[in-house]
2 protein chains.
Amino acid sequence: MAAKRVTLADVARLAGLSQTAASMILNGRPDTRLSQDAHDRVNAAAQQLGYRPNVAARGLRTDKTLTIGFISDVVATTRFASGLIKGALEAAEEAGHVMLVLETGGEPAREAEAIAAVLDRQVDGIIFATMRARELFIPDLPAGTSVVMLNATNARYHTSVLPDEEEGGRSAVQLLVDAGHRSGIALIGQNDEVEREVFRSATVARRVAGIRSAMAANDLEFFAEESIWLWEPEDGYRSTKALLERGNDVRALVCMNDRIAFGAYQALGEAGLSVPDDVSIVSFDNDELAAYLRPGLTTVGLPHEEMGRRAVELLLSGQDAGQVLIPMPVVRRRSIAEVPQG
Amino acid sequence: MAAKRVTLADVARLAGLSQTAASMILNGRPDTRLSQDAHDRVNAAAQQLGYRPNVAARGLRTDKTLTIGFISDVVATTRFASGLIKGALEAAEEAGHVMLVLETGGEPAREAEAIAAVLDRQVDGIIFATMRARELFIPDLPAGTSVVMLNATNARYHTSVLPDEEEGGRSAVQLLVDAGHRSGIALIGQNDEVEREVFRSATVARRVAGIRSAMAANDLEFFAEESIWLWEPEDGYRSTKALLERGNDVRALVCMNDRIAFGAYQALGEAGLSVPDDVSIVSFDNDELAAYLRPGLTTVGLPHEEMGRRAVELLLSGQDAGQVLIPMPVVRRRSIAEVPQG
DNA sequence: TACAGTTGCTAAACCCATTTAGCACGCCAC
DNA sequence: GTGGCGTGCTAAATGGGTTTAGCAACTGTA
């Protein structure tokens with residue numbers, strides 16, 4: 001970048017005052033005793049020259065760079081959690097900050113590099129984000145570094161922002177209950193028996209807990225639970241197909257995410273069953289898919305933007321807020337049918 | 001960020017040499033006449049203290065911050081073009097650079113703010129990206145600012161990276177031709193008659209041109225062209241349904257993008273027609289949707305990652321490369337059936 | 001009149017690096 | 001013995017801001 005910028009010295013010179021005076025006036029320092037006239041001259045000069053402070057130079061002295069480091073595994077580069085970035089970017093912009101975005105692919109070596117890179121640039125704080133909520137191990141950071149975990153947790157840094165999965169799980173079941181569903185409900189994507197030993201993520205466990213607690217509270221039971229290792233459409237398709245072939249009377253499906261639900265739609269369609277007249281479906285995430293499906297999929301959404309937003313706000317507020325749970329919004333579309341009572 | 005870092009002065013002190021010597025040695029300056037012993041002592045000291053230079057301080061002197069500004073309308077925050085960011089992020093990382101990511105939502109005021117913000121931080125260059133390739137108007141930048149347009153063009157800054165849509169358009173038609181399709185081919189999403197006056201984007205025009213040139217080269221004609229204003233699944237569904245209801249003998253669809261194709265699958269499914277046995281489909285973008293569909297959708301992909309990558313490489317190389325066209329990869333899945341000749 | 005207290009402003013240090021200019025020493029040649 | 005040169009290193013300037021310490025002039029009070 002060539003073409004030298006206007007500096008504070010230029011402003012001071014034009015205003016006929018010292019650099020000190022110019023600095024104090026432009027920063028609106030309260031206790032200074034500079035005259036109104038001095039204020040006017042400096043402001044006019046700055047205006048006239050189009051002066052903008054050099055953030056790097058200022059940061060050298062003040063240790064504030066108005067810059068946040070956003071380090072994630074694959075958040076920026078996959079579509080699943082890009083809402084996290086969106087919310088964070090917006091909140092940062094509103095606070096007059098800017099975000100350095102780095103991705104590590106979850107590799108420890110790149111992660112260490114990323115941390116060093118943002119620290120070298122004197123960021124005001126770091127947000128660590130993961131696509132799938134999980135405990136994140138991060139190397140030692142200089143004492144005093146502000147950190148917020150986003151969709152992640154960490155033993156040393158307690159401030160973290162997570163979706164309120166337990167409540168979300170309850171909401172999903174409640175949608176079915178409110179529509180009058182009492183039997184023929186299957187869970188697609190999770191089977192506690194089979195998955196006793198697998199750890200998917202801290203939040204999936206909570207989602208399941210919420211689902212089960214709402215089922216129990218309503219005296220309901222799943223007549224089937226299909227375990228799925230990967231939560232992709234293909235898997236949802238196979239799983240639902242297998243369930244259908246076992247010949248049960250399926251009336252409603254709780255799918256662990258929208259991609260599974262997408263596969264379920266495909267299997268149901270092939271079997272000549274219609275959503276929601278024959279089978280109601282409720283799911284999680286509010287993936288863009290959910291709106292594309294016919295009929296639209298009713299789902300309990302991941303509040304990614306709100307989470308990203310809160311992470312930045314917490315980071316800049318500097319307080320240790322512990323775990324902040326963001327409510328998961330219920331997005332009603334047309335995949336749940338009312339069941340006549342009786 | 002508290003906890004003061006190790007500075008060059010610390011290293012110099014520990015090595016028993018001047019700061020000058022330490023700086024020169026750590027930067028590997030060639031013409032210096034410092035002794036091997038001095039080199040060893042400085043390197044050891046830096047190692048021992050875990051010294052990392054303060055990029056901001058260095059940038060103040062050298063005008064290089066190893067930081068790139070990435071300003072886009074909605075690239076980071078929607079899933080459609082996040083590949084652009086991914087490629088750029090990777091290339092930046094490989095070059096030891098870091099990216100400041102800002103989004104403007106396409107609003108001129110936010111754009112001006114974004115430009116000022118990255119300029120205030122002395123970035124080494126700026127990449128302007130758009131989700132839908134288009135001519136982008138940007139305010140005056142200081143002379144000498146390095147700029148690359150990504151998936152966009154600009155009158156003043158000529159270096160831009162775009163998908164090779166014309167060739168991509170040809171590829172799509174060629175897939176059908178190679179499979180033996182000669183008739184019953186419809187175009188979904190574009191009708192030159194209707195859309196004579198609408199400007200979608202520079203690249204859509206090229207895509208269409210490529211499609212038409214390949215059709216002409218093979219002596220083929222579309223028997224129908226469905227214009228669609230928005231390219232969403234819902235629109236693709238309606239459009240295809242309308243086409244089907246007109247009772248033509250549809251054998252193949254060229255869809256302008258994967259979301260339209262998604263809707264086409266739904267309409268075809270409802271009409272009891274199977275892909276690809278009854279109707280073959282080829283499309284564009286290689287959206288993640290394409291892999292979710294059953295059968296998988298054959299599509300000509302947007303090479304977003306490669307584009308992002310090239311944009312960073314061009315920016316850092318500093319040369320004016322004009323328009324760089326990145327080939328669109330053909331992604332073969334199962335939505336095109338072979339037609340028996342005769 | 002003299003001393004203290006305000007008022008209005010500035011010189012200089014500082015942040016952390018890079019870079020320019022140049023010093024001190026040893027050696028060689030004449 | 002001295003001018004010239006190569007060797008090995010450093011003091012100080014620089015980049016663009018913020019901040020501390022303090023100066024000079026004026027006002028008010030005893």
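Which strands of chain A does helix α8 (residues 202-217) lie across? The legend to View 1 gives the answer for this predicted model.

**View 1. Helices lying across the sheet of chain A.** Helix α8 (residues 202-217) of chain A lies across β6, β7, β8 and β9 (280-285) of chain A. The angle between α8(A) and β9(A) is about 145°. Helix α10 (residues 258-270) of chain A lies across β6, β8, β9 and β10 (298-301) of chain A. Here the helix runs at about 155° to β9(A).

**View 2. The open sheet of chain A.** The sheet has six strands in the order β7-β6-β8-β9-β10-β12, with mixed pairing. At its edges stand β7 (224-227) and β12 (330-331) of chain A. Each of these has a single partner strand, so one side of each is left without a neighbour in the sheet. Strands of a sheet pair through backbone hydrogen bonds, either parallel or antiparallel. Strand β6 (residues 185-189) of chain A runs parallel to strand β8 (residues 252-255) of chain A, and four bridges join them. One residue pair can be picked out here: A:Leu187 has A:Val254 in β8(A) as its bridge partner.

View 3. In chain B, six strands form an open sheet in the order β7-β6-β8-β9-β10-β12, and the pairing is mixed. The edge strands are β7 (224-227) and β12 (330-331) of chain B, each of which pairs on one side only. Strand β10 (residues 298-301) of chain B and β12(B) run antiparallel and are joined by two bridges. B:Thr299 stands opposite B:Val331 of β12(B). Helix α7 (residues 165-178) of chain B lies across β6 (185-189), β8 (252-255), β9 (280-285), β10 and β12 of chain B. This helix runs at about 165° to β9(B). Helix α10 (residues 258-270) of chain B lies across β6, β8, β9 and β10 of chain B, and its angle to β9(B) is about 155°.

**View 4. Protein around DNA strand D.** There are 29 residues around DNA strand D, and A:Leu8, A:Ser23, A:Arg61, B:Thr20 and B:Ser35 come nearest. Of the atoms of DNA strand D that come within 4 Å of the protein, 50% belong to sugar and phosphate. For B:Ser35, a polar backbone atom lies 2.6 Å from a phosphate oxygen of DNA strand D. A:Arg58 places a polar side-chain atom 3.0 Å from a phosphate oxygen of DNA strand D. The elements that give two or more residues to this surface are α2 (19-26) and α4 (55-62) of chain A, together with α2 (19-26) and α4 (55-62) of chain B. With five residues, α4(A) gives the most. The surface near DNA strand D has 13 nonpolar, ten polar and six charged residues.

**View 5. Protein around DNA strand C.** Of the 26 residues around DNA strand C, those that come nearest are A:Ser35, B:Thr7, B:Leu8, B:Ser23 and B:Arg61. Sugar and phosphate make up 53% of the atoms of DNA strand C that come within 4 Å of the protein. A phosphate oxygen of DNA strand C lies 2.4 Å from a backbone N or O atom of B:Leu8. Another side-chain contact is that of B:Asn27, with an N or O atom 3.0 Å from a phosphate oxygen of DNA strand C. The side chain of B:Arg61 has an N or O atom 2.6 Å from a base oxygen of DNA strand C. At least two residues of this surface come from each of α2 and α4 of chain A and α2 and α4 of chain B. By class, the residues near DNA strand C are ten nonpolar, ten polar and six charged.

View 6. The peptide bond from A:Arg294 to A:Pro295 is cis, with omega near -10°. A:Pro295 lies in the loop between α11 (289-292) and β10 of chain A. In chain B, the peptide bond from B:Arg294 to B:Pro295 is cis, with omega near -10°. A:Asn151, in strand β4 (residues 147-153) of chain A, has a positive phi near 60° and is a residue other than glycine. The domain assignment of chain A gives domain 1 (8-53), domain 2 (67-162 + 304-326) and domain 3 (165-303). Between the C-alpha centres of domain 1 and domain 2 of chain A the distance is 37 Å.

Key. Residues are numbered from 1 along each chain as its sequence is written. Chains are lettered from A and ligands numbered from 1 in the order in which they are written. This is a predicted model: local features need pLDDT of at least 70, side-chain atom pairs count only at pLDDT 80 or more; totals for chains, interfaces and linings use all residues. Side-chain values use heavy atoms; hydrogens and water are left out. A residue is near a molecule or strand if one of its heavy atoms lies within 4 Å of it. A polar contact is a pair of N or O atoms within 3.5 Å; within protein, one must be able to donate a hydrogen and the other to accept it, and residues adjacent in sequence count only if both atoms are side-chain atoms. Ala, Val, Leu, Ile, Met, Phe, Trp, Tyr, Cys and Pro count as nonpolar, Asp, Glu, Lys and Arg as charged, and the others, Gly among them, as polar. Two strands pair if DSSP finds at least two bridges between them. Contact means heavy atoms within 4.5 Å. Axes are lines fitted to C-alpha atoms, for helices over the stretch in contact, and angles run from 0 to 180 degrees between N-to-C directions. Domain bounds come from an automatic or database domain assignment.
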